[in-house]
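Dear colleague,

Please find below the structure that I am handing over to you. My findings follow directly after it.

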Amino acid sequence: MTGETYVGAIDQGTTGTRFMVFDHDGKVVANAYEKHEQIYPEPGWVEHDANQIWENTKKVINEALDDALLDAEQLEAIGITNQRETTIVWDRESGQPIHNAIVWQDRRTTDRIETLEAEGKTDDVRAKTGLEPDAYFSATKAEWLLDNSDPIKLQRSRPEDIRDRAEEGELAFGTIDTWLIYKLTGNHITDVTNASRTMLFNIHDMEWDDELLDEFNVPRAILPEVRPSSDDNYYGTTDSSGFLGADIPVAGALGDQQAALFGQTCFDAGDAKNTYGTGSFMLMNTGEEAVMSEHGLLTTVGFQRSGEPVQYALEGSIFITGAAIEWLEDMTLIESAGESEKLARSVDSTDGVYFVPAFAGLGAPHWDQRARGTIVGMTRGTRREHIVRATLESIAFQTRDVAEAMQSDSGIDLASLRVDGGAVKNNFLCQLQSNILDTEIVRPQVDETTALGSAYAAGLAVGYWENLDELRANWQVDREFGPSDPQNVEHRYGRWKEAVDRSLDWARDTEE
C-alpha cells in the first residue's frame with residue numbers, strides 16, 4: 001500500500017457491475033467485474049434483481065481494492081455510472097425492492113405508450129422531456145410497478161396499499177444510480193442526466209413535471225432529489241461502520257452514455273462520441289442549448305457541474321449492437337466476441353446478407369417498438385462468416401443512421417467521432433465504421449470511458465482534479481482509423497435501409 005490517493009467508479013451496466021480505481025492521470029490502477037442474472041419472465045420482458053446488483057457492487061469494490069492492495073481510505077471520492085432507465089421501487093423502511101427492477105430493454109409497457117400516442121400526447125411529452133415516448137424510458141415502468149407489484153411482498157393485504165404507501169412517501173422510486181446512492185449513503189438522490197431519462201422530468205425547467213407525474217400516475221412523494229452530475233456538496237458519504245470501513249464522499253453520478261461523453265472529454269459544443277456496448281449510443285454536446293430533434297433523435301441532459309449551467313446533448317439510441325454479437329455466441333455461430341473479427345475478415349463481403357438486430361424494437365431514428373430482428377438475402381451458399389460480417393456491418397449502418405440525423409439536426413458535420421466500449425477493440429469494426437461514415441474514428445487509450453467519466457465527475461467535486469483542462473490533458477489517442485476501400489458503401493447502405501423497412505412493425509398483438 002502507498003500513501004497515494006485515487007478516485008473510484010462504480011460502473012453498473014446491463015449485464016454486470018464493475019468497480020475501477022483511477023489515478024490522477026486517468027489511468028486504471030484497480031478493476032473488478034461481476035455479472036448478474038438476466039431474468040426473462042415473459043417474451044419481451046427483462047428484469048434484474050436489485051439486491052443481487054447491490055451485493056455484486058460490494059463484492060467488486062472489495063475485490064478491486066484487495067487485488068491492488070489499496071485501503072478504502074485512499075479513495076478521495078466515488079462516482080457512479082449506470083445503465084439508464086432501468087427502474088426500481090423499494091420500501092424506504094425495509095430497504096427492500098417491491099419487485100425486480102424493470103430493465104431499459106423491457107417492452108411490457110408498449111401498449112401503454114401506444115395509448116399515449118393515440119391520445120395525441122406525443123408532442124407534449126417530447127417538448128417537455130426531449131424524449132420520444134417509448135417503453136424504453138422509466139415513466140411507464142414505474143407506473144407498471146405501482147399497479148402490478150405483489151402486495152404480499154410488502155406484507156400488505158390489499159393491492160391498493162402499494163399506491164397508498166407510494167402517496168404517503170413510504171416507497172421510493174429510482175433508477176440504478178439512485179438505488180446505489182441510497183444503499184451507499186442512505187440518501188434518496190439522482191443526478192440531472194438520469195432524471196432526464198425518466199420521461200417525468202422537464203429538461204428546460206430542470207424539475208419534475210406535475211403534468212407528466214399525473215399522466216403516468218407517479219406520486220411526487222416517491223421521487224428522488226435531483227442534483228448536479230458533479231456535486232460539490234456531495235450526495236452523501238459511505239458509512240465508516242459499513243462494508244468499506246471508511247467515510248468516502250459519493251460525489252458524482254452520470255447515466256452511462258453521458259458518463260462516456262464526459263470521460264471522452266467532449267466538453268464543448270460539437271464534440272461527439274459513440275459508445276458500443278449492449279446497445280450503441282451516440283451523443284453530441286450541444287452546449288447550453290437544448291436542440292430539439294426533427295429527425296428522430298433524443299434531446300437530453302449531457303452533464304452539469306455544481307454552480308454551472310446544464311450542458312445538453314443530442315442522442316441517438318441504438319438498442320442492440322454488442323448484444324447482437326452476444327446473440328451470435330448464443331446461437332453458437334462464434335465461440336467468443338473476439339472471434340467475430342477473424343471470421344468477418346475471412347470473407348470479402350456479406351454475400352448480400354443484411355441483418356437488422358431489432359430484438360427489442362428499433363430506437364433512433366426509426367422508433368418502432370414492434371420492429372423485430374430480421375435477416376434477409378440468404379441463399380444456400382450463406383455461411384456463418386457472412387452472417388457474422390453482416391452483424392458487424394449492422395452496427396456500423398445503425399450508427400450511420402444516427403449520424404446522418406445528428407448532422408441534420410445540429411448543422412455540424414462530423415469531422416471525427418470518438419469511440420469507446422467493448423466492441424471498439426475490434427479493429428475490423430472500427431475501420432468498417434470509418435468507411436461507412438466517411439469520418440475519422442478515434443479510439444482512446446483508456447476505453448473504459450464510462451467509468452472514467454463518473455470518476456472525473458466525482459473527482460472534480462472533491463478537488464482531486466481542479467478543472468476540465470486537467471482532464472483534457474489526460475485524454476490520449478490509442479489509434480485513429482480513416483476511410484479507405486469503402487467497397488460500394490452507398491449501394492450497401494441503400495440495401496441496409498431496405499432491410500430495415502422489412503423489419504418494421506413485425507410484432508403483432510396476436511403474437512405477443
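Two strands are said to pair if DSSP finds at least two bridges between them. Please keep in mind that the model is a predicted one.

I begin with the open sheet. Its six strands run in the order β3-β2-β1-β5-β14-β13, and the pairing is mixed. At the edges are β3 (28–35) and β13, each of which pairs on one side only. Within this sheet, strand β1 (residues 6–12) pairs with strand β2 (residues 16–22) in the antiparallel sense, over six bridges. Asp-11 has Arg-18 in β2 as its bridge partner. In general, the strands of a sheet pair through backbone hydrogen bonds, in either a parallel or an antiparallel manner.

Next comes strand β18 (residues 311–318). Is this strand mostly covered, or mostly uncovered? It is mostly covered, with eight of its eight residues buried. One side carries Gln-311, Ala-313, Glu-315 and Ser-317, the other Tyr-312, Leu-314, Gly-316 and Ile-318, and both faces are covered. Strand β16 (residues 280–287) pairs with β18 in the antiparallel sense over seven bridges, and Leu-283 stands opposite Glu-315 of β18. Strand β17 (residues 298–303) also pairs with β18 in the antiparallel sense, over five bridges; here Val-301 has Tyr-312 as its bridge partner.

Finally, I turn to the surface. Asp-71, Glu-73, Asp-239 and Asp-247 gather there in a patch of negative charge. Asp-247 lies in the loop between β13 (236–237) and β14 (249–255). Asp-247 counts as exposed because its relative accessibility is 52%, and the cut-off for exposed is over 50%.

With kind regards

Note on methods:
Residues are numbered from 1 along each chain as its sequence is written. This is a predicted model: local features need pLDDT of at least 70, side-chain atom pairs count only at pLDDT 80 or more; totals for chains, interfaces and linings use all residues. Side-chain values use heavy atoms; hydrogens and water are left out. Patches are made of residues with over 30% relative accessible area and no salt bridge: like charges are joined within 9 Å, nonpolar side chains (Val, Leu, Ile, Met, Phe, Trp, Tyr) within 5 Å. Accessible areas come from the Shrake-Rupley method with a 1.4 Å probe; for residues, only the protein chains shown count as cover. A salt bridge is a side-chain nitrogen of Lys or Arg within 4 Å of a carboxyl oxygen of Asp or Glu. Lys and Arg count as positive and Asp and Glu as negative; His and the chain ends are not counted. The place of a charge is taken as NZ of Lys, CZ of Arg, CG of Asp or CD of Glu. Helices (H or I, at least four residues) and strands (E, at least two) are DSSP runs, numbered from the N terminus. Buried means under 20% relative accessible area, exposed over 50%, partly exposed in between (1.4 Å probe, protein chains only).
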